[in-house]
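Thanks for coming, everyone. Please bring the structure up on your screens, and I will walk you through it.

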Amino acid sequence: MRNVSRDRILLLFIYLVAFGTGFFIGNSYTEMPLLGKTFLMILPATIVIWLFSFLLNNSSVFDPYWSVAPAVTFGFFWWQILPVPGWAAAPLFSVARNVMVFLLLLIYGTRLTWNFLRGWKGLKQEDWRYAEIRKKTGVLYWTASLVGIHLFPALLVFAGCLSLFVVATRGNSPGFLDILGILVTGNAIWLEATADRQLRNFIRD
């Protein structure tokens with residue numbers, strides 16, 4: 001149990017370093033459009049995670065990325081579009097919408113990350129699919145890991161976050177679609193939690 005707790009702390013450190021590096025690099029390109037800056041935030045963060053995967057010989061270091069990255073990406077969008085004076089200068093409805101979206105992302109990400117961690121046995125455990133890729137690719141495994149396990153999924157998550165870019169950058173008044181989005185997202189989180197609970201019960205029995 002002590003090793004698992006230590007590995008969880010190490011995992012937290014890895015993601016703090018990765019996204020800290022990404023924020024620094026992405027924010028350095030001040031004249032670049034926001035999507036380009038965000039891509040240059042995600043790319044080095046993913047490479048840092050891959051480097052730790054390589055050093056620890058375990059590609060499952062990347063697994064929490066799916067649940068952590070959306071909230072981080074939206075936070076980066078939001079931070080970049082805030083007016084210079086900050087919160088006080090931003091329209092109230094825009095702040096309210098962004099807070100709601102961020103809270104939903106936080107609930108989604110926290111629940112999914114916890115679901116991963118509660119069944120994770122630490123760095124001694126690696127996803128069986130990665131083990132299969134390791135067998136098939138041999139000496140080229142870490143190239144395959146970089147491209148197929150890290151970069152390609154990171155691009156998929158980035159593409160999935162493009163709707164968040166619209167939310168963060170459009171300043172129109174809240175309406176029916178906001179309510180619908182909250183209901184759909186909340187229901188999706190509930191369905192996902194129910195499915196994970198049923199799966200745990202099935203495996204236990």
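**A walk through the helices**

Helices here are DSSP runs of H or I with at least four residues, strands are runs of E with at least two, and both are numbered from the N terminus.

A word on the source. This is a predicted model, where local features need pLDDT of at least 70 and side-chain atom pairs count only at pLDDT 80 or more, while totals for chains, interfaces and linings use all residues. Residues are numbered from 1 along each chain as its sequence is written, and side-chain values use heavy atoms, with hydrogens and water left out.

Back to R197. Its relative accessibility is 42%, so R197 counts as partly exposed. Buried means under 20% relative accessible area, exposed means over 50%, and partly exposed lies in between, with a 1.4 Å probe and protein chains only. R197 and N115 are 82 residues apart along the chain, and their C-alpha atoms are separated by 9.3 Å.

Now the whole chain. How many helices and strands does the protein chain have? Eight helices and zero strands. From the N terminus on, the order reads α-α-α-α-α-α-α-α. The C-alpha atoms fill a box of roughly 55 × 45 × 30 Å along the principal axes. A compact globule of 205 residues would have a radius of gyration near 17 Å, and the protein chain has 19 Å, which agrees. That radius is taken over C-alpha atoms, and the globule rule is 2.2 Å times the number of residues to the power 0.38. Of the 205 residues, 35% count as buried.

Contacts next. Contact means heavy atoms within 4.5 Å. Take contacts between residues at least 6 apart in sequence: 79% of them join residues at least 24 apart.

On to packing. Axes are lines fitted to C-alpha atoms, for helices over the stretch in contact, and angles run from 0 to 180 degrees between N-to-C directions.

First pair: α2 (residues 34–56) and α6 (residues 141–160). Their axes come within 10 Å and cross at roughly 145 degrees. The contact includes F39, I42 and W50 of α2, and W142, L151 and F158 of α6. By class, there are 13 nonpolar, five polar and no charged residues. Ala, Val, Leu, Ile, Met, Phe, Trp, Tyr, Cys and Pro count as nonpolar, Asp, Glu, Lys and Arg as charged, and the others, Gly among them, as polar.

Next, α3 with α6. These two pack at about 40 degrees, with axes 10 Å apart. They are therefore oblique to each other. Angles under 35 degrees count as roughly parallel, over 145 as roughly antiparallel, 65 to 115 as roughly perpendicular, and the rest as oblique. Y65, W66, A69 and P70 of α3 meet P153, A154, L156 and V157 of α6. That makes eight nonpolar, no polar and no charged residues.

Look at W66 in α3. Is W66 buried or partly exposed? At 36% relative accessibility, W66 counts as partly exposed. Beyond its neighbours within four places in sequence, W66 touches Y108, P153, L156 and V157.

Last pair: α3 (residues 65–81) and α7 (residues 162–169). Their axes come within 9 Å and cross at roughly 30 degrees. So α3 and α7 are roughly parallel to each other. F74, F77 and W78 of α3 are among the residues in contact, as are L164 and F165 of α7. The count is nine nonpolar, one polar and no charged.
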